[in-house]
Amino acid sequence: MALALRLAAKGLGATSPNPAVGAVVVAGGRIVGAGYHRKAGEPHAEVLALQAAGRRAQGATLYLTLEPCCHSRKRTPPCVPVILRSGIRRAVIAMHDPNPRVSGRGIRALQRAGIDVAVGCLSDKASALNEGYAHWVRTGRPLVILKASMTLDGKIATASGESRWITGSEARRLVHAWRSRVDAILVGLGTVLRDDPQLTARAVPNGQAARRPRQPLRIILDSRLRIPLTARVVAPAPGPSTIIATTAASSARKRRQLEARGVRVLVLPARQGLVSLPACFARLGRMGVTTVMIEGGAEVNASVLQSRMAHRLRLFVAPRLLGGQDAKSVIGGRSPRHLDRAVPLKNLRVRMVGPDLLIEGDLAD
């Protein structure tokens, strides 16, 4: 099962809105087939593993990170009939599929056919792997991860706006790995105007070689479409796809100019003159986006926290002090008047990433 989970992780960010799934076929104590779901619309993990096993699947054991699908409301055929035809004798499944179209039906179909089914092997790891998918199935919205980097005294930039680089190279490499595993990155217009970022995942070392990472969708919050047409995130294709979320207050002419460059423009409801974040994430959920990592500045961080839209925090703390009340803090906006309005965190995890401290936690519901 550990191997199946490692295989499944290779599909993170590419399979949405499907889950990332890995499968391994074992016969006579040997692995005779393995596979993982590479991309939505392509064959599922168990199909690939059983194809690789061929006749050796007769009487074998199938290790699967997620309950097999049994419905036809998707682009590929259901997997349960494929498993039944393969001659598998036993199935070890890490977790149930939270999708109500499956949710135990796949497991019961295997059991009715006489296959011995065991559920729960490494279920915690399997659940963590597909937490974005599970959240999307449950709520219809993506899992939102708030990522930020700050000095030890909570600053993300000098008073002049200089912010490169607060953290070390190890932290930056980890961020690129994260980018390749989420569906989308989201920033505000201020980040684009200040840094003109590419918002891409650059090559991440993998053993002795560097693999070409999968690129996430780029989402820009720009309520009045003030983004320059020369910005790197709106450069004409080929390149990662870009979505700009705006409001009806934006220029229709600018929308057409951006769309001519291959940018998708979403006109969304406004809240206090800005793009409504609940409306934005609901729309992204309907588009099949299951995970979003926020990499914005102080004001976007504040908006996401105040709207209770973030579910996970990833905060790098660099071992340096900046000082100054005019330096940019990690969270902007207005401070609450009372401490009981502070945003609580739970399940904190702390580790070193090079010289920097990484604090991860869950935002309370």
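Analyst: Two strands count as paired if DSSP finds at least two bridges between them. Strands (E, at least two residues) and helices (H or I, at least four) are DSSP runs numbered from the N terminus. This is a predicted model, in which local features need pLDDT of at least 70, side-chain atom pairs count only at pLDDT 80 or more, and totals for chains, interfaces and linings use all residues. Residues are numbered from 1 along each chain as its sequence is written, and side-chain values use heavy atoms, with hydrogens and water left out.

Start with the five-stranded sheet. It is open, its strands follow the order β2-β1-β3-β4-β5, and its pairing is mixed. At the edges stand β2 (30-36) and β5 (116-119), each of which pairs on one side only.

To β2 it is joined by six bridges, and the two strands run antiparallel. Within that pair, V24 has A34 of β2 as its bridge partner. β1 also pairs with β3, again in the antiparallel sense, over four bridges. Here A23 has L64 of β3 as its bridge partner.

β3 in turn is joined to β4 (residues 90-93) by four bridges, and these two strands run parallel. L62 stands opposite A91 of β4. The antiparallel β1-β3 pair and the parallel β3-β4 pair both belong to this sheet of mixed pairing. Strands of a sheet pair through backbone hydrogen bonds, either parallel or antiparallel.

Helix α1 (residues 2-9) lies across β1, β2 and β3 (61-64), and it runs at about 150 degrees to β1. Helix α2 (residues 45-53) packs on the sheet as well, touching β1, β2 and β3 (contact: heavy atoms within 4.5 Å). The direction of α2 makes about 145 degrees with that of β2.

The loop between α1 and β1 contains P17. The peptide bond that leads from S16 to P17 is cis, with omega near 5 degrees.

Now the nine-stranded sheet. This one is also open, with the order β13-β12-β11-β8-β16-β6-β17-β20-β19 and mixed pairing. Its edge strands are β13 (264-267) and β19 (345-353), and each pairs on one side only. The twist in this sheet averages 20 degrees from one strand to the next.

F316 has L358 of β20 as its bridge partner. Helix α7 packs on this sheet and touches β6, β8 (184-188), β16 (291-294), β17, β19 and β20. The direction of α7 makes about 160 degrees with that of β17.

The loop between α11 and β17 holds R308. Phi of R308 is near 60 degrees, a positive value in a residue other than glycine.

Last, the confidence values. The pLDDT score is the predictor's confidence in each residue, from 0 to 100. Its mean over the protein is 91, and 95% of the residues reach 70 or more. Residues 206-210 are a stretch to read with that score in view: pLDDT stays under 50 there, and the model has five contacts beyond four places in sequence for them.

Methods. Axes are lines fitted to C-alpha atoms, for helices over the stretch in contact, and angles run from 0 to 180 degrees between N-to-C directions.
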